[in-house]
Amino acid sequence: MKILFIFYLFIFTVSINAQTFLNVTYNSSSLNSTNLSLIQKITFSGTNINFLLTDASTQTKELSTINKITFSSTDGGTPLPVELINFNAAINGNEIILFWATAIEVNNYGFEVERAEETEHFEKIGFVEGAGNSNSPKNYSFTDIPNEVIKLIYRLKQIDNDGKYQYSDIVEVTLGIPTQYEIKQNYPNPFNPSTKIIYNIPSDGLVKLKVYDILGKEVANLVNENHKAGSYEINFDGSKLASGFYICKLNCGKYTNSIKMLLLK
């Protein structure tokens, strides 16, 4: 309690300076730096430290991951981060659909979408606006219709409101007929009320795509017809279903695979 009292007293005395920054250094040597004018309150719960921001969003960090907390009159690092969960791509006919998700966002202006051919000379092909500040998962997508190029490389340039930026990992896409059967994770996931499902078929044949509830009861028969080899996308509408987990099962000849989807209303 003594340390806690001193910490709050320090917060009170320095917060009168609008250009004072709270710097959090982690055991991994990474650093977050946030202007105190953006922080409404700092509390402790169990083994966590909680930052309540002025936009009413909350960021929580484990105390065991923090090396030290300091104050300075200059910005010592990036704000509480934009945390990218995943970045993937899928082919739907002549379209390439990029989709990604974030766990949290602070100061996120948006994402520039960049594309390169095998030369890896990236160029901007689009922009997707960010959520700004958010402590809940956000899903994004971007559709590209390129010229006939065999192999393409994509990456995201995440830009903060103050102009700072960072790049995502790259994803590679090879156009043409798929080489293997595959059902990709639906996006967005969790979803409400609809989500997209993409699957690849390397040869002609009968395709069955069904959705089951967690007890194994069929709730939707999405596809039951012959397909030419290629990549396909279908929309699943769960507006008439209750919240919960659902299983989407793909069956093509001897191939069977499934994904788990979460509907949250």
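Select Arg115, Glu123 and Asp144: salt bridges link these residues in a network. Keep in mind throughout that this is a predicted model.

**Stop 1: the charged network**

Zoom in on Glu123 and Arg115. Their side chains meet in a salt bridge, 3.5 Å from N to O. Are the two partners buried or exposed? Arg115 is buried, at 18% relative accessible area.

**Stop 2**

Now select Glu112 and Lys124. These residues form a salt bridge with the closest N and O atoms 3.6 Å apart. Glu112 sits in strand E9 (residues 105–116) and Lys124 in strand E10, twelve residues apart, so that the pair links distant parts of the chain. Glu112 is buried, with a relative accessible area of 15%. How many salt bridges are there in the count? The count comes to nine.

**Stop 3: rings**

Turn on the aromatic side chains. The structure holds ten aromatic pairs. Pick Phe87 and Trp100. Their ring centres lie 6.0 Å apart, with 85° between the planes, an edge-to-face pair. Phe87 belongs to strand E7 (residues 84–92), and Trp100 to strand E8 (residues 95–102). They are 13 residues apart, and the pair links distant parts of the chain. Both Phe87 and Trp100 are buried.

Move to Tyr109 and Phe127. Here the centres are 5.2 Å apart and the planes meet at 40°, so the pair is tilted. Tyr109 is in strand E9 and Phe127 in strand E10, so the pair ties together parts 18 residues apart in sequence. Tyr109 is partly exposed, with a relative accessible area of 44%. Phe127 is partly exposed too, at 32%.

**Stop 4: Ala131**

Go along strand E10 (residues 123–134) to Ala131. Ala131 is partly exposed, with a relative accessible area of 35%. Which residues does Ala131 contact, leaving aside neighbours within four places in sequence? They are Glu105, Asn108, Lys138 and Tyr140. Now click the C-alpha atoms of Ala131 and Asn107. The two atoms are separated by 8.5 Å, while the residues are 24 apart along the chain.

**Stop 5: a hairpin**

Strand E3 (residues 39–45) and strand E4 (residues 48–53) run antiparallel, joined by six bridges. Thr43 stands opposite Asn50 in E4. E3 and E4 form a hairpin with two residues between them. Look at Gly46 in the turn: its phi is positive, about 65°.

**Stop 6: a four-stranded sheet**

Show E17, E18, E20 and E21. These four strands form an open sheet in the order E18-E17-E20-E21, with antiparallel pairing. E18 and E21 stand at the edges, each with a single partner strand, so one side of each has no neighbour in the sheet. From one strand to the next, the twist averages 15°.

Focus on E17 and E20. They pair in the antiparallel sense over six bridges. What is the bridge partner of Val211 in E20? Cys248 is that partner.

**Stop 7**

Select Asp204 and Lys228. They form a salt bridge, with the closest N and O atoms 3.8 Å apart. Asp204 is in the loop between E16 and E17, and Lys228 in the loop between E18 and E19, 24 residues apart. Lys228 is exposed, with a relative accessible area of 59%.

**Stop 8: the cores**

Finish inside. The largest nonpolar core has 21 residues. Ile183, Tyr199, Leu209 and Met261 have the most contacts inside this core. Elements giving two or more residues to the core include strand E16 (194–201), strand E19 (230–237) and strand E21 (255–263). Another core, of 16 residues, lies apart from that one; Phe111, Val113, Leu156 and Val173 are among its members.

Last, select Met261. Beyond neighbours within four places in sequence, its contacts include Phe191, Ile197, Val211, Phe236 and Cys248.

Methods: Residues numbered from 1 in each chain as written. Predicted model: local features only at pLDDT ≥ 70, side-chain atom pairs only at ≥ 80, totals over all residues. Heavy atoms only, no water. Core = buried A, V, L, I, M, F, W, Y, C linked by side-chain atoms within 4.5 Å. Buried < 20%, exposed > 50% of the residue type's maximum accessible area, 1.4 Å probe, protein only. Contact = heavy atoms within 4.5 Å. Pairing = 2+ DSSP bridges. Salt bridge = Lys/Arg side-chain N within 4 Å of Asp/Glu carboxyl O. Axes fitted to C-alpha atoms, helices over the stretch in contact; angles between N-to-C directions. Phe/Tyr/Trp six-rings, centres within 6.5 Å; stacked < 30°, edge-to-face > 60°.
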